[in-house]
Every structure is written in structure tokens, then in C-alpha cells.
Amino acid sequence: RTLHWKQWYQRRVRVEAAAAEAAAAEAAAARAQVMADAEASVLAGVDPVKDAFVELLKEFSTEAASAESLPGLTPEILASHQAELDRIKKMYGGADDLDSFPTFKF
């Protein structure tokens, strides 16, 4: 038996609507699970973002303790910094110490 185009279209719309409803129900269940997990972690006093941040701070502090300067400074960064300091010294009269606040005498 052949379907009339109108019947075919109505069946297609029903199938697509059922698929969309199933996808929406699945997404709602996933959102509910995420919210339940978040609520459980909050009630337990666990904050994953805070934990990740604290872990990064600990890693940075151990690297900083073992290094002479800030960790992550490459020779290129240090050379660029020195070039900027030299440029500023030349521009503003060659002061030797650019890291301290200037003293004024009246």
C-alpha cells in the first residue's frame, strides 16, 4: 500500500517530534544529573574549582621556592624585560635604580 504525500509528511513530523522529545528528555536528565552532582559536592563542602586553584597555587609555590626568580620566565622574556628597562633608562636620563620610588628634595 502506498502512502499519500500528506500521510507520509504527517508520519515524518510525528517521528521527528518523538525524536526531539527523546533528545530533550535525555538532555534534561543529563542536566538534572549535573545539578545533583553539584548540589552533592556543595553539601559535602567540596568545590572543584577551588580545589583546582589551590592545586595550581601549591604547584607555583613549589616552583617558586626552587627557582631564583619567578617560575616560567624564559630567557626571551628576561631579555625583553631588560631591553625595556634600558629603553626607559635612556628615555628618562639613565637612572640606575628603576625599581625604587624616586626621592624628591626641595
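**Helices first**

Helices here are DSSP runs of H or I with at least four residues, strands are runs of E with at least two, and both are numbered from the N terminus. With that settled, I looked up Phe 60 and found it in helix H2, residues 48-66. I then noted what I'm working with: a predicted model, where local features need pLDDT of at least 70, side-chain atom pairs count only at pLDDT 80 or more, and totals for chains, interfaces and linings use all residues. Residues are numbered from 1 along each chain as its sequence is written, and side-chain values use heavy atoms, with hydrogens and water left out.

**Overall layout**

I counted three helices and zero strands in the protein. Its radius of gyration (taken over C-alpha atoms) is 32 Å, well over the 13 Å that the globule rule gives for 106 residues, so the protein is more spread out than a compact globule. That rule is 2.2 Å times the number of residues to the power 0.38. Along its principal axes, the C-alpha trace spans about 100 × 40 × 35 Å.

**Confidence**

I checked pLDDT, the predictor's confidence in each residue, from 0 to 100. The protein's mean is 84, and 91% of its residues reach 70 or more.

**Helix lengths**

H1 (residues 5-43) has 39 residues and should span 57 Å; its end C-alpha atoms sit 56 Å apart, which agrees. H3 has 17 residues and reaches 24 Å from first C-alpha to last, close to the 24 Å expected.

H1 is followed by Gly 45, with a positive phi near 80 degrees. After H3 comes Gly 93, and its phi is positive too, near 95 degrees.

**Salt bridges**

I searched the whole structure for salt bridges (a side-chain nitrogen of Lys or Arg within 4 Å of a carboxyl oxygen of Asp or Glu) and got two.

One joins Glu 16 to Arg 12, with the closest N and O atoms 3.1 Å apart. Both residues lie in H1, four residues apart, about one turn of the helix. The other joins Glu 84 and Arg 87, at 2.9 Å from N to O. That pair lies in H3 (residues 75-91), three residues apart, again about one turn.

**Surface**

For cover I used these words: buried is under 20% relative accessible area, exposed is over 50%, and partly exposed is in between (1.4 Å probe, protein chains only). Buried residues make up 2% of the 106. Glu 16 is partly exposed at 44%, and so is Arg 12 at 40%. Glu 84 comes out partly exposed at 38%, as does Arg 87 at 42%.

The accessible surface (Shrake-Rupley method, 1.4 Å probe; for residues, only the protein chains shown count as cover) is about 9,800 Å², with 62% belonging to carbon and sulfur atoms.

**Back to Phe 60**

Which residues make the nonpolar surface patch? I found Phe 60, Leu 70, Leu 73, Ile 77 and Leu 78, covering about 440 Å². Patches take residues with over 30% relative accessible area and no salt bridge, joining like charges within 9 Å and nonpolar side chains (Val, Leu, Ile, Met, Phe, Trp, Tyr) within 5 Å. Phe 60 itself is partly exposed, at 41%.

Methods
The expected span of a helix is 1.5 Å times one less than its number of residues.
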